[in-house]
Amino acid sequence: YGVNKKTQRVVIAQTGPLRYLCLCTEGPENPGSEGLTIPELAQLMEDLGVRQAYNFDGGSSSTMVFAGKKVNAKGSKKTRSIGDILYFATAVAPDAP
């Protein structure tokens, strides 16, 4: 359902060994954006040289946070309880050689 519907999308992709890309696109509820269909998202991933990609449910309440700050849909005031989270952490200290 919704494969050809232009909407918000959230994807995690592998770009190389231990290299990942997290992408959250805007959608029709965001001014100036149309959103992407699944085929358009697949083409974008191919254009970016992605090896593997996984599409998450990217509804209008999707939120991407980096370094404690929201980086997508900054104008949206939509909120929801968190149902799922994908969290990245490292065991390597920032100043390690």
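## Arg9 and its polar contacts

A polar atom of the Arg9 side chain lies 2.8 Å from the backbone oxygen of Lys5. The Arg9 side chain also reaches the backbone oxygen of Gly2, at 3.0 Å. A polar contact here is a pair of N or O atoms within 3.5 Å; within protein, one must be able to donate a hydrogen and the other to accept it, and residues adjacent in sequence count only if both atoms are side-chain atoms.

The model is predicted: local features need pLDDT of at least 70, side-chain atom pairs count only at pLDDT 80 or more, and totals for chains, interfaces and linings use all residues. Residues are numbered from 1 along each chain as its sequence is written, and side-chain values use heavy atoms, without hydrogens and water.

## Setting of Arg9

Arg9 lies in strand E1 (residues 9-16). Strands are DSSP runs of E, at least two residues; helices are runs of H or I, at least four; both are numbered from the N terminus. Arg9 has a relative accessible area of 7%, so Arg9 is buried (under 20%; exposed is over 50%, partly exposed in between; 1.4 Å probe, protein chains only).

Beyond neighbours within four places in sequence, Arg9 is in contact (heavy atoms within 4.5 Å) with residues including Leu23, Leu36, Leu41 and Asn55. Leu41 in turn is in contact with Arg9, Val11, Leu23, Leu36 and Asn55, on the same exclusion of neighbours within four places in sequence.

## Nonpolar core

The largest nonpolar core has seven residues: Val11, Ala13, Leu23, Leu36, Leu41, Met45 and Val50. E1 and helix H1 (38-47) each supply at least two residues of this core. Such a core is a set of buried Ala, Val, Leu, Ile, Met, Phe, Trp, Tyr and Cys residues joined through side-chain atoms within 4.5 Å.
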